[in-house]
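Please open the model in a viewer and keep the sequence at hand.

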Amino acid sequence: MEALYTAGLEIHFVGIIVLLAVVIFNIIMLGLSHQIIRYAKRLRIVMPISSLLISITIFTGIVMMAGKHLNFSFANITMIVLSILFIVLEVKRYKILKHETDIKQDNAFNQYKKKALRILGIELALLVVMSAWMLV
């Protein structure tokens, strides 16, 4: 049973590292983009990957909690709250692009970039802080 739990932790950690790489890729992609339409098309490819990785990490976390008989510790509750916050931030970022950004305006993409970089920065900070906390 302990080997299964250890394997689950390793899969969970790998999922977090890949999610961290996707967030960094999103930041780079946003920084290098100059046209909102091309960026939106690329985002339609990357967004499902981000959602899948979030789902994988949440699922592996749920399986590991079940393996430990749903023992709610402070770390587990923090991870649950941060997972929900991460989902909300991703939805908000996509919603800003889809509904709040008027592509006909000249400065629209720069305004979106500021908001999206703030959201991606928060996501990056959450992932780094939580990963560092769990490694210590």
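**First stop: helices H3 and H4**

Select H3 and H4, whose crossing is left-handed; a crossing has this hand if the near helix is turned anticlockwise from the far one by less than a right angle, and is right-handed if clockwise. The two helices pack at an angle of about 165°, and their axes are 10 Å apart. H3 is therefore roughly antiparallel to H4, as angles over 145 degrees count as roughly antiparallel, those under 35 as roughly parallel, 65 to 115 as roughly perpendicular and the rest as oblique. Axes here are lines fitted to C-alpha atoms, for helices over the stretch in contact, with angles running from 0 to 180 degrees between N-to-C directions. By class, the residues of the contact of H3 with H4 comprise 19 nonpolar, one polar and six charged. In this division Ala, Val, Leu, Ile, Met, Phe, Trp, Tyr, Cys and Pro count as nonpolar, Asp, Glu, Lys and Arg as charged, and the others, Gly among them, as polar.

The model is predicted: local features need pLDDT of at least 70 and side-chain atom pairs count only at pLDDT 80 or more, while totals for chains, interfaces and linings use all residues. Residues are numbered from 1 along each chain as its sequence is written, and side-chain values use heavy atoms, with hydrogens and water left out.

**The whole chain**

Now display the entire protein. Its secondary structure comes to four helices and zero strands, and from the N terminus on the elements run α-α-α-α. Helices (H or I, at least four residues) and strands (E, at least two) are DSSP runs, numbered from the N terminus. Along its principal axes the C-alpha trace spans about 60 × 25 × 20 Å. Of the 136 residues, 36% count as buried, that is, under 20% relative accessible area, with exposed meaning over 50% and partly exposed in between (1.4 Å probe, protein chains only). Among contacts (heavy atoms within 4.5 Å) between residues at least 6 apart in sequence, 79% join residues at least 24 apart.

**Helix H4**

Select residues 108–135, which form helix H4. This helix has 28 residues and reaches 40 Å from its first C-alpha to its last, close to the 40 Å expected at 1.5 Å a residue; the expected span is 1.5 Å times one less than the number of residues. Which residues of H4 are buried? They are Ala108, Phe109, Tyr112, Lys113, Ala116, Ile119, Leu120, Glu123, Leu126, Leu127, Met130 and Ser131. When reading such a list, recall that an α-helix has 3.6 residues a turn, so residues three or four places apart point the same way. The buried residues of H4 pack against helix H1 (2–32), helix H2 (36–67) and helix H3 (74–100).

Next, pick Ala125, also in H4. Ala125 counts as partly exposed, at 40% relative accessibility. Its C-alpha atom is separated by 31 Å from that of Asp106, 19 residues apart along the chain.

**Helix H3**

Select H3, which has 27 residues and reaches 37 Å from its first C-alpha to its last, close to the 39 Å expected at 1.5 Å a residue. Its buried residues include Leu82, Phe86, Leu89, Glu90 and Arg93. The buried residues of H3 pack against H1, H2 and H4.

**Helix H1 against H4**

Show H1 together with H4. Their axes come within 10 Å and cross at roughly 160°, so H1 and H4 are roughly antiparallel to each other. This crossing is left-handed. Among the residues making the contact are Phe13, Ile16 and Leu20 of H1 and Leu120, Leu124 and Leu127 of H4. The contact of H1 with H4 divides into 17 nonpolar, three polar and two charged residues.

**Helix H1 against H2**

Finally, show H1 with H2. The axes of H1 and H2 come within 9 Å and cross at roughly 160°, which makes H1 roughly antiparallel to H2. The crossing of H1 and H2 is left-handed. Their contact has 17 nonpolar, eight polar and one charged residues.

Two alanines may be selected here. Ala7 is in helix H1 and, at 32% relative accessibility, counts as partly exposed. Ala7 and Met64 are 57 residues apart in sequence and 9.8 Å apart in space, C-alpha to C-alpha. Ala66 lies in helix H2 and is partly exposed at 46% relative accessibility.
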